[in-house]
Every structure is written in C-alpha cells, then in structure tokens.
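User: I would like to learn how to read individual features of a model such as this one. Could you take me through it, giving the general idea before each case?

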Amino acid sequence: MSKFVAIIPARYASTRFPGKPLALLGGVPIIQRVYERVAGVVSDVCVATDDARIEQAVQRFGGRVVMTSDQHRSGTDRCFEAYQKLGTDADVVINVQGDEPFIAPQQLQTIMRCFADSHTEIATLVKPFALGEPMQHISNPNSPKVVLDANGYALYFSRSVIPYLRGKDFETWSQHHTYLKHIGLYAYRTDALARITAMPQGTLEVSESLEQLRWLQAGLRIKVGTTDQETIGIDTPDDLQRAEQFLATQQG
C-alpha cells in the first residue's frame, strides 16, 4: 500500500498576483486554507517555499514548512527538493497547487486511488465538460484538454480542442463528444519524480507550455482519475474577489 506525502509549492513572487499565498480569503491566508483542506485527507503535509514571509505564516498556524531554492522553473522541481529535504519514507508525492483553497477531499482521494494500480508512475485528474457546453468555453487555451486510452492513461494534453471532429460543425462538437478538462493536481511515485525533474524540456512542452508533455514525450505514463467537481484557482486579485463570493455562499 502506498504511503503519501502532500507538498504545496508556494512562491511569493507572482507576476499577476505578488504575495498571493498570504492574501486573505475570509480573513484567513490562502496558503492556510489549502493546507488545512489537504491535511483533512493526507496525514503528512508540507509547504515548500522560497520566501521567509510564507515560512513564517505557515509556522504561525502550526503547519509544516521547508525552505527551497528560488531558482526552480516549476512547482514540480520545488516539490522534489522539498521531498529530499523532508527525508520522508513516503513513496508517492502529491503536488497540490498553493492557490486552490477549495480543493475537494474527493479529488485528493481520487488521485490517491490511482496508485492502487502498481503500474501508475504519475497521476492527475480530469473533469468532463458538460455535453453541449459552449465551444468557446472548451476552446479556451487556459483550460488544457486531455485524451485518454482505453485503460485511463493520458495519450496527450493540449491547449487546442482534442479530438478534432471531422465532418461536424465546430459549434456542435460538444454535442457529439465529451471533452475532458485537465485539473492541475499531480501525484508521482518518488522515482518518477526524480526522473522528470532531471529531464531537459521537450519540444512538445515548449510548444504548448505544458510540462506534462515532457513526461509523455519521454515515455512515462500518466494515469488519469475523473472528478465531477470544479476547481476554483486564484491567479489574480479579481479571482480572489470571486473566491470571496463563493466562500460566502458556502458559509451561508
């Protein structure tokens, strides 16, 4: 049976929203909300940061935190350094984005169940778009799409709409096919995490700016779980305002 550690990469320097992990949502720092959500499912949780302000904030609410380099090119790389510094005997690392304060327990449980399959090296999630969803929503390049094989492994991720439906009017595609939206929650067996952080960027990754394409191009397999719950990430101050409104409806 796999043993899990959840690592939450958190940077202070964000182009669109500097200091985002420490921004208050309902009077509580975003990073604290993420941490407490994850800790309700995974017993071993840690924040990985490169900023002393975030480190101090996590310590104030009693969380576990490890300082990492400020030179990492991705949250995946930061996760691997944190995993090495923790000295944990966990064999699966869950990478939880630090701007997902409403991450659902069921999403974490779904990605953990992927590792009941001993062949799973990496796992992630998708959420099906609704049948008939407007194609302008599905075609949004900020919502990567995924196609799967018959065993639930990813064949490809793209910012384009995949698959292409030949012979159908574009506006009707979602009436004929269930498209899958990628949810950016990842988990990796530790040996796979070591491999992918040592790889150079691949041509597909550079083309689409999706790091998971590096892993597929190198021959690793990505198991995909399905969730019916939407994530509410916070990338900008405007997103934070919408999150406040959502939180109010949850508490009301």
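Analyst: Strands, like helices, are taken here as DSSP runs and numbered from the N terminus, a strand having at least two residues. On that basis His182 lies in strand E10, and please keep in mind throughout that this is a predicted model.

User: Is His182 buried or exposed, and which residues does His182 touch?

Analyst: A residue is called buried under 20% relative accessible area, and because His182 has 9% relative accessibility, His182 counts as buried. Leaving aside residues up to four places away in sequence, His182 touches Thr124, Leu125, Val126, Pro144, Val146, Phe157 and Gln212. With one of these, Thr124, the contact is polar and runs from side chain to side chain at 2.8 Å. Leu125 shows how sequence and space can be read together: His182 and Leu125 are 57 residues apart in sequence, while their C-alpha atoms are 6.2 Å apart.

User: How should I read the two faces of a strand, and which residues lie on each side of strand E6?

Analyst: In a regular strand the side chains alternate between the two faces of the sheet. In strand E6, residues 92-95, Val92 and Ile94 are on one side and Val93 and Asn95 on the other, and these residues are all buried, which leaves both faces covered.

User: Which strands pair with E6, and in what sense, parallel or antiparallel?

Analyst: Strand E1, residues 4-10, pairs with E6 in the parallel sense over four bridges, and within this pairing Phe4 has Val92 as its bridge partner. Strand E10, residues 180-189, is joined to E6 by four bridges and runs antiparallel to E6, with Ala187 as the bridge partner of Ile94.

User: How many residues of helix H3 are buried, and what span should H3 have?

Analyst: At 1.5 Å a residue, the 12 residues of H3, residues 75-86, should span 16 Å, and the end C-alpha atoms are 16 Å apart, which agrees. Nine of the 12 residues are buried, so H3 is largely enclosed by the rest of the structure; among them are Asp77, Arg78 and Glu81 as well as Phe80 and Leu86. Just after H3, Gly87 takes a positive phi of about 65°. Helix H1, residues 30-39, is likewise mostly covered, with seven of its 10 residues buried, including Ile30, Arg33 and Tyr35.

User: How is a pair of aromatic rings described, and how many aromatic pairs does the structure hold?

Analyst: A pair of aromatic rings is described by the distance of the centres and the angle of the planes. The structure holds nine aromatic pairs. One of these, Phe4 with Phe115, is edge-to-face, at 6.1 Å centre to centre and 80° between the planes. The pair links distant parts of the chain, since Phe4 is in strand E1 and Phe115 in the loop between helix H4 and strand E7, 111 residues apart. Phe4 and Phe115 are both buried. The rings of Tyr186 and Tyr188 have centres 6.2 Å apart and planes at 20°, so this pair is stacked, and both tyrosines are buried.

Notes. Residues numbered from 1 in each chain as written. Predicted model: local features only at pLDDT ≥ 70, side-chain atom pairs only at ≥ 80, totals over all residues. Heavy atoms only, no water. Buried < 20%, exposed > 50% of the residue type's maximum accessible area, 1.4 Å probe, protein only. Pairing = 2+ DSSP bridges. Contact = heavy atoms within 4.5 Å. Polar contact = N/O pair within 3.5 Å; in protein donor to acceptor, adjacent residues only side chain to side chain. Expected span 1.5 Å × (residues − 1). Phe/Tyr/Trp six-rings, centres within 6.5 Å; stacked < 30°, edge-to-face > 60°.
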